[in-house]
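Please examine the structure shown below, together with its sequence.

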Amino acid sequence: MPSPDARNLARRIGLAVLVVALLAVPMFADSSSLSLVTRILIYSIAAASLNFVLGYGGMISLGHAAFFGIGGYVVGMLFVHHADATPLMGFIPGSNQLLVTVPAAVVVSGLLALIIGALSLRTGGVQFIMITLAFAQMIFFFFVSLKAYGGEDGIIVRRTNEFLGLNMRDRVTLYYVMLGFWAVFMLALWRVVHSSFGTVLRGMKQNERRMAALGYAPYRYKLYAFVLSGMGAGLSGALMANFLRFASPDMLHWTKSAALMTMVILGGVGSFLGPIWGTAAYLVLETWLAAQTEYWQLWLGLILLAVVLGTRGGINAGMARLAALMMRGRG
Amino acid sequence: MLSVAGLSAAYGASQVLFDVSLDIAEGQVVTLLGRNGMGKTTTVRSIMGLVAPRAGKVEFEGRSVAGLAPERIARMGAGLVPEGRQIFATLTVRENLVATAANRLGRANPWTLARVYDLFPRLGERAGQMAGTLSGGEQQMLAVGRALMTNPRLLILDEATEGLAPVIRTEIWHVIERLKAQGQSILLIDKNLGVLKRLADRHFIIEKGRTVWTGTAADLEREAAVVQGYVGL
Amino acid sequence: MRPGSMILVLEQLLNGLQYGVMLFLLAAGLTLIFGIMGVINLAHGSLFMVGAYAGTLVAGATGNFWLGIPVALVAAGATGLAVEALVIRRLYARDHLDQVLATFGLILIFNQIITLTVGRQPVFVAIPESLAAPVELLPGLFYPPYRLLIIAAGLLVALGLYLLINRTRIGMLVRAGATNRDMVRALGVDIRLLYTVVFGLGALLAGFAGYVSGPISAVQVGMGEQILLSTFVVVVVGGVGSIKGACVAGILLGVVDTMLRAFLPGLLRGVMPASEADALGIGIASMGIYLLMALVLLIRPKGLFAAGG
């Protein structure tokens with residue numbers, strides 16, 4: 001097993017490389033690569049949010065697409081009402097301001113997570129997995145049936161929301177805006193994970209009964225974590241709707257939940273940087289494979305199988321092992 | 001019949017057994033004594049293949065069984081009555097006895113339902129009852145009966161009287177005496193020295209994962225003080 | 001109620017029963033696999049698909065509908081055994097996450113293999129003449145015998161499974177293994193062989209369900225996932241590991257789902273314009289079984305018949 005030093009070193013090297021690379025991307029990337037990196041950043045916010053409840057909290061939620069999708073739909077619906085100047089539900093004005101729509105999306109997805117979490121956390125095990133899936137499906141079917149908001153076709157957001165007067169049509173500007181949101185989110189997540197709340201949560205994953213005996217109510221802590229996680233996914237969805245200029249029902253579908261979970265697992269559950277690597281791996285693989293062959297999903301499936309059956313701990317553990325090997329070679 | 005030497009085993013990173021040795025000959029009743037947490041149950045689990053030994057030799061009927069799968073070891077004639085009874089709660093008494101019953105060694109006079117009910121009349125009375133609703137003592141009897149139905153060469157009883165009322169305990173000791181009289185080889189793990197002194201041919205004491213003392217019932221009398229120090233009773 | 005609408009309700013009840021039986025056939029295998037082996041198998045729907053395709057293609061080529069049944073069984077069974085040996089076996093010791101991911105990978109693989117070999121167009125097989133023409137069950141109630149056959153077959157399977165689980169030694173071992181795997185092994189039973197048998201049985205049921213569902217709904221790539229979600233709901237509502245639960249929950253959810261889809265849009269038309277009513281009606285009807293599951297889980301968190309027969 002890689003020693004803590006190897007792990008730390010791997011983490012620090014990875015972080016440094018990441019930061020430099022991210023800032024430099026627009027200088028080297030063509031427009032499709034830039035788009036890919038932007039999508040990786042946005043999805044990684046959702047993956048990291050899922051990892052928070054999954055890896056740190058031990059709750060397997062197959063319904064995170066609901067929060068992701070609702071984040072996108074809030075942006076979409078506010079845009080629709082802004083465009084035709086009528087208020088939503090009779091009293092909420094539409095908006096095309098990022099600083100309005102994004103917080104709105106986060107609040108709404110947080111509320112949804114509160115409701116879903118409050119009900120689902122009363123169960124456990126496979127029942128919890130299924131009930132989170134069920135709620136997500138319900139939301140999916142509900143939105144698809146709303147003809148007023150595009151139904152099966154979703155909502156086209158003609159123009160990306162405005163932000164501080166910047167030119168959001170410029171790909172590079174948009175990239176840096178998204179990078180900014182991403183950085184703020186990751187810093188906030190880091191603080192939460194390493195706070196006493198995060199420690200208690202991890203303790204609960206390991207031994208819930210003991211934590212309860214120590215006076216920490218499991219239900220409440222898990223619920224808080226679930227809500228925070230939902231808010232993160234909602235943020236991701238809102239940013240995605242802005243980036244793609246499209247709020248699609250796909251964002252709510254269970255296959256999106258499965259994709260998010262794949263990203264988390266590929267990167268290594270329960271590690272901080274894992275979701276970022278996992279998202280990158282998943283999207284790069286998907287994009288590259290799709291360019292090679294029409295039947296790219298076949299290869300994706302085979303690779304998934306190989307990763308699960310062949311490795312333990314995903315990319316993050318793999319990198320730590322690599323770092324350990326390197327350290328041994330040096331000494 | 002069973003020969004264990006230098007056995008060491010661990011659960012993940014924590015090593016529990018360091019150097020355990022014991023021998024059982026055909027027809028013998030042998031005990032494994034020791035305080036809680038000294039490694040008695042781990043020894044049993046290692047013999048049965050539920051935990052893979054790290055090192056050492058475990059031989060059953062002359063063949064090495066270290067590292068084999070539990071079902072293979074069981075098929076060679078090891079019958080386990082585990083700690084905590086572990087009867088199948090969702091099956092009836094009769095189903096518990098029948099589900100895993102076998103006569104792999106082709107015994108001439110095998111254990112049958114009738115013989116088991118004769119040994120434990122109370123099981124016969126409750127044959128159609130769900131095993132989960134039985135009392136502790138009845139469940140223990142069921143666990144013994146279940147192991148007997150596999151017609152084992154060696155019967156292994158891990159803490160067969162723990163947590164049971166004295167009356168039930170006596171019943172179970174009587175059953176073990178009867179089995180011994182029939183020539184059944186038995187490995188007994190227990191804390192109750194008194195009765196074991198009478199029953200067993202040989203005793204092994206395990207302390208912190210090592211065999212520290214072995215002797216016959218006579219030796220036990222002579223070195224009573226030493227033994228007391230180990231087992232604490 | 002007017003006799004006409006009474007007929008409609010009965011017709012939809014029968015449809016619901018038939019759909020419920022399909023769900024049961026799938027859920028029975030899945031609940032055993034999850035209950036006994038502790039494995040979440042998302043690829044169960046793929047076995048459903050393999051059975052459907054194999055049977056349909058052979059029936060189409062030979063013109064003989066009945067030939068499709070054994071072909072579907074063999075194809076699904078063989079595929080199931082292969083999947084168990086190559087993939088599932090390595091997942092017994094892993095946690096649920098790994099199982100979800102690995103079997104999700106299997107879904108992708110199977111879908112693409114079918115697309116590669118057969119193509120994207122759905123395939124069809126026709127119901128034999130003798131079973132296609134509706135018969136009059138009650139005055140005014142006409143119903144296709146094919147669907148009645150499915151219902152009958154499903155109920156027969158339910159009976160057979162009940163007898164297998166509760167009256168045979170294999171059934172005893174399955175039930176014992178569900179509560180204490182290690183102990184069953186320590187008593188000399190090769191549990192891995194048991195697992196293979198259980199998985200194979202589940203595969204056969206899925207393949208059969210897939211083939212007979214063909215004439216009613218299309219045989220196409222992705223058909224497995226559509227029904228898989230509902231199947232999981234049935235398993236959870238019925239109680240993991242319970243065949244009785246799979247039967248009761250399957251029929252209950254099948255009927256509820258069918259009735260909602262059939263009558264809700266119509267009811268809504270009374271209060272809103274037709275196209276909106278239809279869309280919203282279908283939307284809420286699709287939510288129906290999930291709402292039901294949420295309700296059941298909040299009252300009985302382990303399902304209706306947890307860990308039983």
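Helix H3 of chain C has 19 residues, and its first and last C-alpha atoms lie 27 Å apart, close to the expected 27 Å; the expected span is 1.5 Å times one less than the number of residues. Helices (H or I, at least four residues) and strands (E, at least two) are DSSP runs, numbered from the N terminus. This is a predicted model, in which local features need pLDDT of at least 70 and side-chain atom pairs count only at pLDDT 80 or more, while totals for chains, interfaces and linings use all residues. Residues are numbered from 1 along each chain as its sequence is written, and chains are lettered from A and ligands numbered from 1 in the order in which they are written.

**Helix H3 of chain C**
- The buried residues of H3(C) include C:Gly68, C:Ala72, C:Ala75, C:Ala76 and C:Glu84; a residue is buried if 20 or more other C-beta atoms lie within 10 Å of its own, exposed if 12 or fewer, and partly exposed in between, with C-beta atoms placed from the backbone.
- The cover over these buried residues includes helices H2 (44–62), H4 (96–117) and H9 (191–213) of chain C.

**Confidence**
- Chain C has an average pLDDT of 88, and 98% of the residues score at least 70; pLDDT is the predictor's confidence in each residue, from 0 to 100.
- For the complex, the predictor gives an ipTM of 0.87 and a pTM of 0.82.

**Contacts between chains**
- Chain A contributes 34 residues and chain C 41 residues to their contact; two residues are in contact if their C-beta atoms, placed from the backbone, lie within 7 Å.
- On the side of chain A that touches chain C, H5(A) supplies the largest share, eleven residues.
- The contact between chains C and B takes 18 residues from chain C and 20 residues from chain B.
- H7(C) gives the most to the side of chain C that touches chain B, namely six residues.

**Chain B as a whole**
- Chain B contains ten helices and ten strands.
- Its C-alpha trace spans about 45 × 35 × 35 Å along the principal axes.
- Of the 233 residues in chain B, 42% are buried.
- Among contacts in chain B with a separation of 6 or more, 66% join residues 24 or more positions apart.
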